[in-house]
Amino acid sequence: MKIAITGATGNMGRAVMNAISAEAYIEEIRVLSHSSKRTKSLLKKNKKLKKKIVVVEGSVADEAACRALADGVDIVLNFGAVIPPRSDQNPKSAIECNEVGANVLVSVIEGMESQPMLLHTSTVALYGNRCKPHLFGRVGDPLLVSPFDIYSATKLRGEFRVLESEIRKWVVFRQTAMLHPNMLTDNLSDGLMFHTCFDAPLEWVTSHDSGILIRNFLRRLNAEDLPESFWKRCYNIGGGPENRLFGYETYNDGFKIIGGSTTCFFDPGYNATRNFHGVWYSDSNELEELFHFQEQTSTDYWQEILKCHPIFRAGKIVPKRVIRRFAIKRLLKNYNSPAYWAKHQDAARLMAYFGGKDKYEELQKKSWKEALLPEKYDPASGISDNETPVFYGYDIGKADADISLEDLKSVAEAHGGKLISEKFKTGDMYAKIEWETQDGERFTATPYTVLRAGHWYNSIYTENVWDFDRLCKKDAVFASVWYDSHEKDEDMRYSFDENFKAQAVKTHEHSNYLLFRNGEHKEDRRAV
């Protein structure tokens with residue numbers, strides 16, 4: 001078997017390379033790389049694979065490089081992604097890799113007479129902010145990417161391109177929050193760590209287990225042991241019940257290895273109260289049953305970090321106030337932290353992440369005794385669904401073979417739109433169907449993409465505009481989740497300008513926009 005990999009030097013890519021190093025049936029591993037330094041490091045760390053690795057120089061957004069990568073291989077594994085905090089630091093690189101790159105790669109494969117298969121990795125970030133009463137999610141849930149999260153927006157567009165492609169055999173894996181070797185380094189270098197809500201549901205998976213998943217997938221693929229029904233579907237990669245934590249607990253577990261806790265190093269007002277991305281997967285068992293990869297827990301991960309970096313043990317004897325000052329509080333000055341936004345009057349982000357400046361300032365006055373902290377999830381409880389069901393506009397438990405024209409109409413109407421196509425053969429989940437949004441915009445997507453994968457066209461599919469406050473007033477599917485963390489009278493239109501400056505526009509029906517841009521208040525005379 002010949003395979004091709006994008007993102008081989010990233011967190012998931014490295015884990016996969018380690019996991020497949022002893023797979024004798026793999027004849028060639030073609031890797032795409034635009035960094036000679038990272039390629040040399042990859043080759044040095046994978047001596048067993050060195051003779052099998054063929055390096056293709058270039059970017060995933062380069063058509064010629066993608067053609068050289070994919071031509072003659074059996075499958076392309078697309079792990080390439082620009083993730084936070086780098087996506088926040090350099091939004092253009094996220095667009096080029098996650099969106100343009102996915103588009104170019106898909107187009108190249110579509111044009112090949114002998115098409116390789118495609119495994120595309122997507123992300124939990126597509127589901128946006130989740131909290132009570134909808135802590136659990138599944139493939140098919142509405143996709144409400146969080147405002148100003150350029151990573152989520154670009155991954156959404158990239159995934160949609162894969163789902164609507166003419167590739168004969170594709171599959172999408174939506175990766176959950178991943179515990180990887182560089183996690184501490186990443187978190188302690190940027191204000192990103194303050195974006196994680198303390199009540200955010202996070203179902204972790206280790207990079208090791210993600211690598212085992214892909215290894216076992218390749219084994220079954222090589223043995224021709226995968227049913228045809230496996231393909232042209234989305235799956236959620238999760239770590240299972242043992243790895244379901246809240247944001248608060250995740251910080252606690254990490255700080256335990258240096259003898260601390262969340263309350264030692266954080267104040268309640270340090271972290272956002274909404275606008276994050278995380279969810280517990282009620283369907284993470286599907287991939288586990290197919291590939292049996294869930295080996296490690298988050299506790300195993302932290303013990304492994306401690307074993308690899310024994311210097312963290314020294315944290316137990318260092319005064320906690322010293323660690324707090326030099327490791328945590330210094331990051332409050334970082335451009336990506338809420339404290340920085342407040343100091344620089346970034347009203348747009350304070351609105352998106354806290355519900356406004358007033359709510360942010362009120363939070364700063366609270367002590368940990370006053371803070372409402374989530375109760376720990378009990379893996380033995382067997383609970384894997386929500387207190388209140390997500391609204392889909394149709395019976396999500398219905399078999400594909402029974403999906404009818406009436407189901408399509410029902411979903412379109414639930415979104416505040418309508419179905420344009422008048423004919424549909426019951427059960428034909430990959431027919432090209434025309435839909436219309438509540439704004440009268442028409443788009444084409446298969447029933448699988450809309451009903452089973454949760455996509456519904458809106459402004460975020462073509463531009464960096466998050467308009468969910470307005471859309472949810474007519475879209476019952478979006479509203480069923482969005483209003484868990486937003487008030488029904490909120491009416492903000494979030495966007496980036498051409499320089500990726502955050503903007504929040506308050507709309508008044510049949511009136512003007514009031515623009516909040518980094519603290520500035522001014523009239524914008526565009527009509528609604």
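This is a predicted model: local features need pLDDT of at least 70, side-chain atom pairs count only at pLDDT 80 or more; totals for chains, interfaces and linings use all residues.
Is Thr6 buried or exposed? Thr6 counts as buried because its relative accessibility is 2%, and the cut-off for buried is under 20%. Leaving aside residues up to four places away in sequence, Thr6 touches Leu32, Val60, Leu69, Leu77, Asn78, Phe79, Gly80 and Leu105.

Now let's turn to empty space. Rolling a probe the size of a water molecule over the atoms shows where such space is left.

How many cavities of 30 Å³ or more are there? The count comes to three. The largest cavity holds about 70 Å³ of space. Its lining is made up of Gly140, Asp141, Pro142, Tyr392, Tyr394, Val411, His415, Val450, Leu451, Gly454 and Val477. Sorted by class, that lining has seven nonpolar, three polar and one charged residues.

The second largest cavity has about 50 Å³ of space. Around this cavity you can pick out Asn129, Leu144, Ser146, Val481, Trp482, Ser485 and His486. Here the classes are three nonpolar, four polar and no charged residues.

Next, a pocket. The second largest pocket contains about 800 Å³ of space. Its lining has 29 residues, and those nearest the centre are Asp199, Thr273, Leu363, Lys366 and Leu372. Which helix gives the largest share of this lining? That is helix α16, residues 357–364, with three residues. By class, the pocket lining splits into 13 nonpolar, five polar and eleven charged residues.

Last stop, a sheet. Three strands form an open sheet in the order β14-β15-β16, and their pairing is antiparallel. At the edges are β14 (418–419) and β16 (442–445), each of which pairs on one side only. Let's zoom in on one of these pairings. Strand β15, residues 433–436, runs antiparallel to β14, and two bridges join them.

Notes:
Residues are numbered from 1 along each chain as its sequence is written. Side-chain values use heavy atoms; hydrogens and water are left out. On a 1 Å grid over the protein atoms alone, a cavity is a set of points where a 1.4 Å probe fits but cannot get out, and a pocket is an open set with protein on both sides within 12 Å along at least five of seven lines; lining residues have an atom within 4 Å of a point. Grid points are joined across faces, edges and corners, and a volume is the space filled by probe spheres set on the points. Helices (H or I, at least four residues) and strands (E, at least two) are DSSP runs, numbered from the N terminus. Ala, Val, Leu, Ile, Met, Phe, Trp, Tyr, Cys and Pro count as nonpolar, Asp, Glu, Lys and Arg as charged, and the others, Gly among them, as polar. Two strands pair if DSSP finds at least two bridges between them. Buried means under 20% relative accessible area, exposed over 50%, partly exposed in between (1.4 Å probe, protein chains only). Contact means heavy atoms within 4.5 Å.
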